[in-house]
Amino acid sequence: MNQEISTQLHPAAHHFAIRLSATPRGARGARLLATAWLSLWGLPPYKSQSARHLVAELLANAATHGRVPGRDAHLALTLRDNTLRIEVTDTRGDGTDIPRSPQPPSPEAESGRGLLIVEALADRWGVETGPVPRKTVWAELDLAPKHGNPCAGAAGGL
């Protein structure tokens with residue numbers, strides 16, 4: 001008997017994706033659309049704010065460090081099983097700008113804090129390379145409260 005293979009996402013999943021110009025203007029437009037989708041999905045306010053910051057930072061990094069003239073970037077948001085995954089793909093995957101563990105910049109530096117923000121807000125983050133010349137920087141947020149977390153409404157919480 002033939003089984004039909006579905007190309008649809010799992011019904012409990014939400015997905016948003018957009019291709020954008022890898023410029024500050026393209027990043028701003030994609031960030032505004034992502035914010036609207038996150039609002040529609042009903043994320044808890046404290047997680048929605050973190051998600052917006054992560055989207056903004058990953059898009060800004062792609063526009064600043066991953067830009068190749070004439071090539072686009074890609075933003076994808078996937079909400080599945082109480083995890084929000086944010087992915088930003090650019091076409092500068094030649095190994096010269098692969099994000100590494102963040103290092104604090106000097107106090108006088110005007111930039112260089114983006115990955116520190118990503119590391120502080122995300123539960124997990126990383127980089128996937130390929131197919132050439134692409135790289136994807138991703139971050140994940142766990143949306144379900146952790147057991148024993150006083151901010152999750154446990155006894156004695158705020």
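Analyst: Helices (H or I, at least four residues) and strands (E, at least two) are DSSP runs, numbered from the N terminus. Ala22 sits in the loop between β1 and α1. The model is predicted, so local features need pLDDT of at least 70 and side-chain atom pairs pLDDT 80 or more, while totals for chains, interfaces and linings use all residues. Residues are numbered from 1 along each chain as its sequence is written, and side-chain values use heavy atoms, without hydrogens and water.

User: How many helices and strands does the protein chain have?

Analyst: The protein chain has 3 helices and 5 strands. Read from the N terminus, their order is β-α-α-β-β-α-β-β.

User: Is Ala22 buried or exposed?

Analyst: Buried means under 20% relative accessible area, exposed over 50%, and partly exposed in between (1.4 Å probe, protein chains only). With a relative accessible area of 5%, Ala22 is buried. In the protein chain as a whole, 36% of the 158 residues count as buried.

User: Which residues is Ala22 in contact with, leaving aside neighbours within four places in sequence?

Analyst: Contact means heavy atoms within 4.5 Å. Apart from those neighbours, Ala22 is in contact with Ala63, Arg67, Arg71 and Ala73. For the protein chain, take the contacts between residues at least 6 apart in sequence; 63% of them join residues at least 24 apart.

User: Which residues touch the most other members of the largest nonpolar core?

Analyst: In soluble globular proteins, nonpolar side chains tend to be buried together. A nonpolar core is a set of buried Ala, Val, Leu, Ile, Met, Phe, Trp, Tyr and Cys residues joined through side-chain atoms within 4.5 Å. Here the largest such core has 30 residues, and Trp41, Leu43, Leu59, Leu75, Leu77, Leu84 and Ile86 touch the most other members. Two or more residues each come from β1, α1 (24–40), α2 (45–65), β2, β3 (83–90), α3 (114–121) and β5. The top contributor to this core is α2, with 7 residues.

User: What does Leu59 touch, not counting residues up to four places away in sequence?

Analyst: Leu59 touches Leu20, Ala27, Ala30, Arg31, Leu75 and Val88 on that count. Leu59 is also one of the buried residues of α2, among them Leu54, Val55 and Leu58. The list for α2 also holds Lys47, Ser48, Ser50, Glu57 and Asn61.

User: What covers the buried residues of α2?

Analyst: The cover includes β1, α1, β2, β3, α3 and β5. As for its length, α2 has 21 residues and reaches 30 Å from first C-alpha to last, close to the expected 30 Å; the expected span is 1.5 Å times one less than the number of residues.

User: Which residues form a nonpolar patch on the surface?

Analyst: A patch takes residues with over 30% relative accessible area and no salt bridge; like charges are joined within 9 Å, nonpolar side chains (Val, Leu, Ile, Met, Phe, Trp, Tyr) within 5 Å. Leu33, Trp37 and Leu40 form one, with about 300 Å² of accessible area together. Such areas come from the Shrake-Rupley method with a 1.4 Å probe, and for residues only the protein chains shown count as cover. Leu33 is placed in helix α1 and is partly exposed, at 37% relative accessibility. The accessible surface of the protein chain is about 10,000 Å², and 52% of that belongs to carbon and sulfur atoms.

User: How many salt bridges does the structure hold?

Analyst: Side chains of opposite charge can pair when their charged atoms come close. A salt bridge is a side-chain nitrogen of Lys or Arg within 4 Å of a carboxyl oxygen of Asp or Glu. The structure holds 8. One of them joins Arg19 and Asp72 at 3.2 Å, N to O. That pair links distant parts of the chain, with Arg19 in strand β1 (residues 14–21) and Asp72 in strand β2 (residues 72–80), 53 residues apart. Arg19 is exposed at 65% relative accessibility, whereas Asp72 is partly exposed at 35%.

User: Which residues do salt bridges that share partners join into one network?

Analyst: Two of the pairs come first. Glu87 and Arg85 meet at 2.6 Å, N to O; Glu87 is partly exposed at 24% relative accessible area, and Arg85 is buried at 17%. Arg124 and Asp142 meet at 2.7 Å, N to O. Those two lie 18 residues apart, Arg124 in strand β4 (residues 124–129) and Asp142 in strand β5 (residues 135–142). Arg124 is partly exposed, at 32%, and Asp142 is buried, at 13%. Through shared partners, Arg85, Glu87, Arg124, Glu128, Glu140 and Asp142 are joined into one network.
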